[in-house]
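Today I am opening a new model and jotting down what I look up.

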Amino acid sequence: MKSPLVAAAAISFLALTTACSNTEGVAATASGNPSASGQSSQSGQELAQAVQADFKVQALLPAAIKSKGSLTLVTDPTYAPIDFTDDQGKIVGLEPDMALAVAKKMGVTINIEKADFNGILAGIEARRYDASWAAFSITDERKDKVNMVSYMRGGTSVMVKKGNPLGIKSELDLCGKTVAAQTGTTQALSVLPSFDKKCSDAGKDKPASLLLPQQDNVNQAVASGRAQALVADNALTGYYAQLQPDAFTSVDSILVEPSLSGVVSPKDDGGLSKAFQAAVQSLMDDGTYAKIMEAWNLKSGVITKSEVNPTVGS
């Protein structure tokens, strides 16, 4: 799910919003509090703090983790809304909230350290950290080196003007429309061309692709009506819509080229990955997981079953 292109896009968008006159409003909603979109009244952090220990999960914890009573985690906090820093420098986002909720199920505390994304897996293999929540897509290459526990699904999604006035619900609804994307992204290079083929195969007009150099240009194209929709990573479309609910709506029914994301732990972790799986599944079963995902406007990424090292493409 995480790629340098997407991370750069997120930073670009945040830079834009900081420069806007509504900066104060942006800061107030960039904390997993969905009040701006009229959803649950609790933030992701509040939901995580309320989680109670699960004795079945605790029984799976390795003795070393039980003994120290805490998990040392690592992330690269440059990927909003999954992992980023607030104006106080605190690491916030979907994954810090999910990591806290999982730790509550385990009955341990967490300490989240910062690292460059490209060095995190090496740090896990060297056992400098117990685990990482850093928006890692689950791939066979990574599973050869570390354990990965699935907890969400990423992919390309669609964002339109507030209220979705054209009623776009499926990829074919984009046929004949102008669809914007950032130049050089996966969406520009492969997703939009795939829409061309799907529309042609369905006997419909191809979408008109509008490629722009920066993600803020892409967002502005939709806001101004120059494009009827944009395509971007689902984490970003959900976040944009949460930050500017008066301007945008994310289309949760569209998720193109989905892939699972997971929590990472060392290959020989003494059973920690099984404890992660049990904790995530427990959060799914009691409803907390879905509420935290909703708090970050990421309903399109919800899954119902957590697995250790799931089959890629499942």
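Predicted model: local features only at pLDDT ≥ 70, side-chain atom pairs only at ≥ 80, totals over all residues.

**Entry 1, the sheet.** I found an open sheet of eight strands in the order β4-β1-β5-β10-β6-β9-β7-β8, with mixed pairing. I count strands as DSSP runs of E of at least two residues and helices as runs of H or I of at least four, numbered from the N terminus; two strands pair if DSSP finds at least two bridges between them. The edge strands are β4 (109–114) and β8 (208–212), and each pairs on one side only. On average, neighbouring strands here are turned by 30° against each other, direction ignored.

Residues are numbered from 1 along each chain as its sequence is written, and side-chain values use heavy atoms, with hydrogens and water left out.

I looked at β1 (residues 70–75) and β5 (residues 131–137), which run parallel and are joined by two bridges. L73 stands opposite A131 in β5.

The axes of α6 (residues 94–106) and α13 (residues 288–295) come within 10 Å and cross at roughly 160°. Axes are lines fitted to C-alpha atoms, for helices over the stretch in contact, with angles from 0 to 180 degrees between N-to-C directions. The two helices α6 and α13 are therefore roughly antiparallel (angles over 145 degrees). Which residues meet? L94, D97, M98 and A101 in α6 meet Y289, I292 and M293 in α13, contact being heavy atoms within 4.5 Å.

Key: Parallel < 35°, antiparallel > 145°, perpendicular 65-115°, else oblique.
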